[in-house]
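Here is a short tour of a protein model, written for someone who likes to know the cut-offs behind the words. Have the viewer open as you read.

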Amino acid sequence: MSSAPPTAVPTAAPEAADPARAAALATERILADTLHGTARGVVVDSPPGAGKSTLVVRAARELAAAGRRLMVVAQTNAQVDDLVDRLAQADPGLPLGRLHSSDPHPYDPVLDTRPGVVKSAKVAELATLPVVVSTAAKWAWVKDAGPWEHAIVDEAYQMRSDALLAVGRLFERALFVGDPGQLDPFAVVGSEQWAGLSYDPAGSAVTTLLAHNPGLPQHRLPVSWRLPHSAAGLVSAAFYPYTPFRSGTGPGERRLSLTRGAGPAESAADRVLETAAESGWGLLELPARPTPRTDPEAVAALAGLVHRLLERGATAYSERAPGGTAVGPARIAVGTAHRDQAAAVRAALAARGVRGVTVDTANRLQGMEFDVTFVLHPLSGRPDATAFHLETGRLCVLASRHRHACVVVARAGIPELLDEYPSAEPVRLGEAIRFPDGWEAHQAVLSHLAGHAVRV
């Protein structure tokens, strides 16, 4: 979760009443600063589903059209391949370079179908192209090339500041785009000795950048096109207090219908699915008790909910599909905090004959979008509330992947656990206060879910 203090809040110009107009105005201001401003960097905060990738593609095309040599930095190979594919589709005539590693199968084979994309492990073979895209890890090894006139850093909040230091020598100006509500960058070594310092290498690239350059232009995308009206208010208030946003849709513009009835023996699973279909949220609350991490009852409940949703024939109505479209396994996800929990849910789904549902941890679900999501609450059945399970970004990712409805499975007693949990995190001089903290965000979400709870 972003730890930027109030002085680092993006300044927001008055927004239009129409969400599309508000988003368009924000994009025009961002592009004006990027193309015509004098600052060496521009920072854009993007909430879930706000069109971050669309902005990156448009900015890349306009920079290339203006004759600016551009390098694009993403954090994973999947992100790089997705961006290159989007650019190739949006502008087939734009020559693109995909800088990759020397590993076997280093890029998505779909790029071989894009005639304008040149793939190479050597930057010298791509340096004359108007746009070159690669991961931060690959760019860090580039020598005797550049500097590029401009860079776009995608998913900048997922990038550690040491990675930015390694690639910063390659460009003159940059556009940084990312989601401040997602998980903090991952580090394999302890970084406590740098905590509180402005150059903490484990801090996000954006946090460190703004600590040293507080005057950089900062913008935000004000509309989420993913989250429905029923979810945007909660997610914005709980996780984005400094960069609020709204949904691109209004009340009732998206509907989830269960086309087949529950029958006379309506179960708790049926009731919570109906609650979620009507309100956008559901909480299946199991009896309070401490459990192993792979709580068998919670795992069975998650698998049962997914199976029952498919049995009930869910249909999603939205601005994309006003006539409705069936919610199949590919449009459903289950999110957990730990990999062993995800593995247990996959096995339980397989035992029920359910295939094609995405089941993974919050870390790996970042950036993904589904019609309906099911979440195993990070604190369910736990005897304590550790910093890992309280991390604001983890809950934010789990609660913001859906277009129609989100159902949470949890043991009762989490609010009491939060009330009893004493914060033992040390306070370090110079370290920005994290707001909202995990305790506050979890309480806000649980308070909202209490109105949509079905107790077993």
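Residues are numbered from 1 along each chain as its sequence is written, and side-chain values use heavy atoms, with hydrogens and water left out.

**Confidence**

- The protein has a mean pLDDT (the predictor's confidence in each residue, from 0 to 100) of 91, and 89% of its residues reach 70 or more.
- Over residues 1-8 pLDDT stays under 50, and the model has 24 contacts (heavy atoms within 4.5 Å) beyond four places in sequence for them.
- Where pLDDT is low, the predicted coordinates should not be read in detail.

**Overall make-up**

- There are 15 helices and 19 strands in the protein; helices (H or I, at least four residues) and strands (E, at least two) are DSSP runs, numbered from the N terminus.
- Of the 456 residues in the protein, 53% are buried, where buried means under 20% relative accessible area, exposed over 50% and partly exposed in between (1.4 Å probe, protein chains only).
- Among contacts with a separation of 6 or more, 78% come from residues 24 or more positions apart.

**Helix 2 and helix 3**

- The axes of helix 2 (residues 52-65) and helix 3 (residues 77-90) come within 10 Å and cross at roughly 60°; axes are lines fitted to C-alpha atoms, for helices over the stretch in contact, and angles run from 0 to 180 degrees between N-to-C directions.
- That makes helix 2 oblique to helix 3, since angles under 35 degrees count as roughly parallel, over 145 as roughly antiparallel, 65 to 115 as roughly perpendicular and the rest as oblique.
- Helix 2 contributes Ser53, Val56, Val57, Ala60 and Arg61 to the contact, and helix 3 contributes Leu83, Arg86, Leu87 and Ala90.
- By class, this contact has six nonpolar, one polar and two charged residues; Ala, Val, Leu, Ile, Met, Phe, Trp, Tyr, Cys and Pro count as nonpolar, Asp, Glu, Lys and Arg as charged, and the others, Gly among them, as polar.

- Helix 7 (residues 229-239) has Ala231, Ala232, Leu234, Val235, Ser236, Ala238 and Phe239 as its buried residues.
- Their cover includes strand 10 (246-247), strand 12 (281-286), helix 13 (392-398), strand 18 (402-411) and helix 15 (438-449).
- Helix 7 packs with helix 15 at an angle of about 160°, with their axes 9 Å apart, and the two are therefore roughly antiparallel.
- Leu234, Ala238 and Phe239 of helix 7 meet Ala441, Ala444, Val445 and His448 of helix 15, a contact with six nonpolar, one polar and no charged residues.

**Helix 8 and helix 9**

- Helix 8 (residues 268-279) and helix 9 (residues 296-312) have axes that come within 10 Å and cross at roughly 70°, which makes helix 8 roughly perpendicular to helix 9.
- Their contact is made by Ala269, Asp270, Val272, Leu273 and Glu274 of helix 8 and Leu305, Arg308, Leu309 and Arg312 of helix 9.
- Those residues divide into five nonpolar, no polar and four charged.

**Asp154**

- Asp154 lies in strand 6 (residues 148-154) and counts as buried at 3% relative accessibility.
- Not counting residues up to four places away in sequence, Asp154 touches Lys52, Val56, Val73, Ala74, Gln75, Leu83 and Val177.
- Val72 is 82 residues from Asp154 in sequence and 7.4 Å away in space, C-alpha to C-alpha.

Technical notes
Predicted model: local features only at pLDDT ≥ 70, side-chain atom pairs only at ≥ 80, totals over all residues.
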